Amino acid sequence: MRNLVNLHINTENMPDEKGYFGKFGGVYLPEELEKVMKEVADAYEKFSHDPSFLEELRELNATYTGRPSPIYHAKRLSLAAGGADIYLKREDLNHTGAHKVNHCLGEALLAKRMGKKKVIAETGAGQHGVALATAAALLGLECDIYMGAIDVKKEAPNVSRMKVLGAKVIPVTRGTQTLKDAVDAAFEAYLEDPINQIYCIGTVVGPHPFPMMVRDFQSVIGTEAREQMLDMEAQLPDAVVACVGGGSNAMGMFSAFIDDKDVALHGVEPAGKGLDSGLHAATITKGKEGILHGTLSLVLQDDKGETLPVYSIASGLDYPGVGPQHSYLHSIGRVNYHPITDREAVEAFYVLSRMEGIIPALESSHAVAYGVKLAQELGKGKKVLICLSGRGDKDIDFVMEHYPLQEYEPEDNIQDEYKEFIKHIGGEKN
Ligand SMILES: *Cc1c(COP(=O)(O)O)cnc(C)c1O
């Protein structure tokens, strides 16, 4: 068993030695990089069973990140929704404000144990870059972050944060000058010096061992949540909900519940401006099998196999691929995946803020939106646990500018109860 931080992890013991979850996953890379990945996989195998590594990670989680994050019973939200009881796993309360710090600390600690001087990574909106720059500062590592030149301009506050934390931000000026080009540039830089540097991927994607390793570091979410639900309510939740970009917070949450066959698992994908609009990033709902960034998984692509441009209001969900374990769990029907539009996510953003005094990240708002629908479907007496992956401070200005509350009317196609619910919230405090 891979017992990183006492994992209560799926007994199917996935992935296999070559990094496959069923037919998904693996290592699809040029030969030179394959060797580099093998080195990382071997080191991870060693340190993930090393008590002193696990103890150091456990201590940082507790004293630096602030773990365990609480589970909060959202009573007012549950009452307003009029169905199942809703619980929130508060990853938004972690240092740096989201779940990404969980795997960045793990990756940076591994880099240090491997004797690397520098961690490198790509970043889109800058959230992963900031979390990794934080871990690098903490552990005294150099940090290079590759970022599309367009994103560098768009995401000025996060660029400043990374610089303050001591990271070097390297603008990538080729291609579309966004995330995909940043990944390519970071991989190339990695190949130039795999001895002194290590690539720290931002989610459960990429070649083996990254989907496994990032999942294991994130599994602390699910392990804690499972115990906390048993402590608080003496039972497991009936359903668990998490948003899926690449899928790291969701895999971290789901991994502890996969063996609990009575616990339904739901992943939530960004439907953007609608599944037929071409402006979405609903990879599982709309994707086809393909290889992206060194792994076989579902990918949003055209008929010729070219990766499609993607869109979501939540930049953390804006990725044309998805972790291979999600594709696998989808293929065997263990996890159900559901699309949520920008608009539904914004409603949830306002609803949670007003009902509970918790401003969620727009990414997490997707999970909240589906979780509320599900609570209504399941009805009273049931329990729904939602992973609140991050806080929404970063999104407030954008939402106020583009979705001001005064002009706010839900779309007609949203189910009636939900609409009533939104109106109720709006009416109560406006
Ligand atoms: C990056 C991010 C996500 C999406 O990443 P996953 O790997 O799918 O978890 C979700 N929520 C927040 C707050 C993020 O910053």
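Domain bounds are taken from an automatic or database domain assignment. For the protein chain, this assignment gives domain 1 (21-65 + 100-215) and domain 2 (71-96 + 220-426). The structure is a predicted model, in which local features need pLDDT of at least 70 and side-chain atom pairs count only at pLDDT 80 or more, while totals for chains, interfaces and linings use all residues. Residues are numbered from 1 along each chain as its sequence is written, and side-chain values use heavy atoms, with hydrogens and water left out.

The C-alpha centres of domain 1 and domain 2 are 25 Å apart. To the contact between them (heavy atoms within 4.5 Å), domain 1 contributes 31 residues and domain 2 contributes 31 residues.

The ligand is surrounded by 16 residues, a residue being near a molecule or strand if one of its heavy atoms lies within 4 Å of it. The closest are Lys-100, Thr-203, Gly-247, Ser-248 and Ser-389. By class, the shell comprises four nonpolar, ten polar and two charged residues; Ala, Val, Leu, Ile, Met, Phe, Trp, Tyr, Cys and Pro count as nonpolar, Asp, Glu, Lys and Arg as charged, and the others, Gly among them, as polar.

Polar contacts are pairs of N or O atoms within 3.5 Å; within protein, one must be able to donate a hydrogen and the other to accept it, and residues adjacent in sequence count only if both atoms are side-chain atoms. A polar backbone atom of Gly-247 lies 2.7 Å from a ligand oxygen atom, and for a polar backbone atom of Gly-246 the distance to an oxygen atom of the ligand is 3.2 Å. His-99 places a polar side-chain atom 3.0 Å from an oxygen atom of the ligand.

Helices (H or I, at least four residues) and strands (E, at least two) are DSSP runs, numbered from the N terminus. The axes of helix H9 (residues 210-218) and helix H10 (residues 220-233) cross at roughly 35 degrees and come within 4 Å; axes are lines fitted to C-alpha atoms, for helices over the stretch in contact, with angles from 0 to 180 degrees between N-to-C directions. Asp-216, Phe-217 and Gln-218 of H9 meet Val-220, Ile-221 and Gly-222 of H10 in this contact.

A cis peptide bond, with omega about 10 degrees, joins His-208 and Pro-209.
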